[in-house]
Amino acid sequence: MADYHWPPTDKCSLIGRRISRLDGPWKSSGRIKYSYDVNRPNMLHGKMVFSPYAHAKVVSIDTTAAEKMPGVKAVEVITEPGKEVFWAGHEVVAVAAETEEQARDAARRIQVRYEKLPHLVSDVDPAKAGEHTKQLAEQTDGNPDQALQQAEVTSEGEYGVPVITHCCLEAHGQVAEWEGDNLTIYASTQNVSGMPGEMVRAKIADSADKVRVLTPVMGGGFGSKFAADTWGLACARLAKKAGRPVKMMLERDQELMAAGARPSMYAKVKVGAKKDGTLVGWTSESWGTGGPDAQGGAPSIPYVVRIPDRRVRHTTVLTNIGPARAWRAPNHPQMCLITMSALDDLAAKLDMDPVEMLQKNIQMTGQLAKTYSAELEKAAELMDWKKKWHPRGDKTPGLIKKGLGVSIHTWGGAGHPSNCNCTIQPDGSVSASLGSQDLGTGTRTVIGIITAETMGLPLEAVKVNIGDSKYPPDGASGGSTTVGGVSASTRRAATAALNQLLDKVAPSLDAKPDELEAVDGQIRVKGSPSRAISWKQACAKLGTTPITGVGQRERTDDLISSGVGGAQMAEVSVDTETGIVQVDKLVAVQDCGLIIDLKTAESQVYGACIMGVTYSLFEDKIMDEQTGRCLNADLEFYKLAGIGDFGDIVVHMMSGPGYDERGVIGLGEPPVISPGAAISNAVANAIGVRVPTLPVTPDKVLGALGKGAVA
Amino acid sequence: MAKLEDPKDPAKSDSPKKQGLLRREFVKLVGGTGVAATAQVLAGHKLAAAATTVPNAVLGSGKVVGPGPVAMSLRINGQEKKLTVEPRVTLLDALRNHLDLTGAKKVCDRGTCGACTIIVNGKPTYSCSVLAIEVADRDGKPGADIRTIEGLATEGKLHPVSASFVENDAQQCGFCTPGFVMSCAAYLETHRNPTIEDVKQALGGNLCRCGTYMGVRDAVVEAAASMKGGRA
């Protein structure tokens, strides 16, 4: 029988190679339909009415004028009078009309009266937040006060990361269509298999098997699209009321105000070391906001570098900024920025190269110490660190100062629950079906590669069926859990299907099934390649009945594992006259166990680095304290990096012995964690002073220089 | 941009609203590429007073149409497409909501991100910032030559730019990709030998959230090379 374990990578014809994504041609030809593109016959357009106030009670809602307007077919109240809204952009009413313009007009005519209530949208000072704070946790290990007292050098600083948004280019939303009791949802979601159940819990459908969710492709999620959300539920209800399909996609301002925000995190840190750079103690008072609800516990800082004696106190500020959602690598970029900035400042005080300091303390990173050490070495080589690095403050003459920064990060990335059916048809065609989804990460391609590799077929011979809730259930795509989940289930399903085929074929090759292998489009006897039949001939022996192999990610699955490291280095130029920071080069060295598709894996890292440049230099959900509204709820002032906003990015994937045998591990999150710290540290190295918070904008650079400029 | 759409927003005495136009429409008009034509069909001389950049010569008869739906013809990918939409409907919404040409994507809807880029009279154009009626046939004269990504290559084939985006993995979620491909295709029609530095300038009007720019840089240079090789 074929063995389900991964073949050695040097024996693979597809796994680990650079392979173009399967849905690439659909996307770059503009022909694939995203949820936003679905136009159903007789479809109505939905629009939302959102609260203009950051905190208010809904007093009354009058929809009569709107309902009489041309084209208006249904209205759905989401927040009933008497209930409160907790952020500007909070959903209140939804309306559906014949055209998008009519729906927008109708939304404007819905009269909502509010009683304004006090709001808080500033998270920068917990002392000013009064009753809007909640001390979540305090964690002490060892004796940090004594450790810091005995430290030969200490450094104190304040660091932070503001609230930013997800800003998926495809807005949140869906098309909902009823046929009797059956509901079809064309949803832009990270959770195809989970959404039917959500519709039942919301009492929209009476059973999950009457709900079908279709998501062949989706335009970005980054952690913000796990649920149907109030607008998704309202869309289904509007469609039911109107008896017609409804498309409800958020407009960009709503998207930025209400559809997800990454929690902020700020900290006052004291960290100490011996003169040789050995870290001895850490204390931090941190705070941040995740919107109106307190979430999570104390941050796990110091991040990655586990200083034995430490005390962490964390306070959550309850604000009306908007609802927090998981943002690619939840909490890690914030914890990383705080930790790596503090360590970098300490290294500067010791007049020590920060890479040397990390290497000196590498055992504090735990199990992955060797990986980190190797990754730092590789990154230093690719950056030419030793040659380029200088002590803090670029002393060369001129207004442009150059600097280097480093950071390391970690992530779990264990595979989520996943089920795959792999079917071989008598005509030789092969399909793998999973209720998973491809967020643009390459999930579809990974499934295809594993199936084809297992069958000894070219990639084109395999059809991948995902993005449909009728397929075997699969986990939501979050936390870099998808690639592990689908890789395990697909490999097991494909192997199970192949073994059934080998059973059928064995007699005709006069061999036992476990003497056979599937290679190069043939089933052949191991060791005697001439005793072979073609894949098509083999499958013809199935007669009229296809075979299906069933695969499930096992609870402890030896095809996958978790826990990765990663090291990044940034080189920046800072114009000390204008304060503008240019990222000249970013080096990212990353491990993720066994790589299935090197091309899409590298793309994940490139993309994460660019997303990292964006949140390091530009992104900030700016709130107006007086009105409580978001001041930059559009793409003109909510800045995303463009193609010319950074220099070079160099990606190196750690693979081969020591990595491949770990099996598949998730990759989406880890490389987005370090850019903020690496870039912030590089700026400090360039200009000689710390810009304490992200984004490192020109005004902050100039402000920091005013306090202590470069000599 | 919600503030622009808020009808309760106190209008200044000289605001376009007082002249019978919502601010959103006004902003779209002055932000659009064909101010004069729209001004004429939408609001005639009233808008001309507000939009002082309108040359008198093209104001024509001042015939007013709308605000209800208006029958019009658009020349898209070499074909005449008839549709009936309100004059305020953007070219992007006309393509997507009325003609099921959904390759151009709606993201910012305010002329910033480039996801809606199509080619109008040979130029890459944000279709969210043009009204359909601006580029429609009018007074017996043919409207603009509109090319969308659906017309870039024949069905089942890939344009060299699209193929190069696949090869260089210049796309992840892919929602920005058609806009990038159209910007790139239009650019390469007039620039045969771009460098990476050129590409950074040329595609500065398109935004991507997944961070595919490294692939895009290579894809454009490679597509240029392959198009010169006669494969286009």
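**Strands, domains and a chain contact**

Author: In chain A, strand β23 (residues 522-525) and strand β24 (residues 528-534) pair in the antiparallel sense over four bridges. This is a predicted model, where local features need pLDDT of at least 70, side-chain atom pairs count only at pLDDT 80 or more, and totals for chains, interfaces and linings use all residues. Residues are numbered from 1 along each chain as its sequence is written, with chains lettered from A and ligands numbered from 1 in the order in which they are written.

Reader: What makes β23 and β24 of chain A a pair?

Author: Two strands (E runs in DSSP of at least two residues, numbered from the N terminus) pair if DSSP finds at least two bridges between them. These two have four bridges, so they qualify. One bridge joins V525(A) to S528(A) in β24(A). In this hairpin two residues sit between the strands, and G527(A) takes a positive phi near 85°.

Reader: How do you know which residues of domain 1 and domain 2 of chain A are in contact?

Author: The C-beta atoms, placed from the backbone, must lie within 7 Å. By that test, 18 residues of domain 1 of chain A are in contact with 19 residues of domain 2 of chain A. The touching side of domain 1 divides into four nonpolar, eight polar and six charged residues. Here Asp, Glu, Lys and Arg count as charged, Ala, Val, Leu, Ile, Met, Phe, Trp, Tyr, Cys and Pro as nonpolar, and the others, Gly among them, as polar.

Conventions
Contact = placed C-beta atoms within 7 Å.
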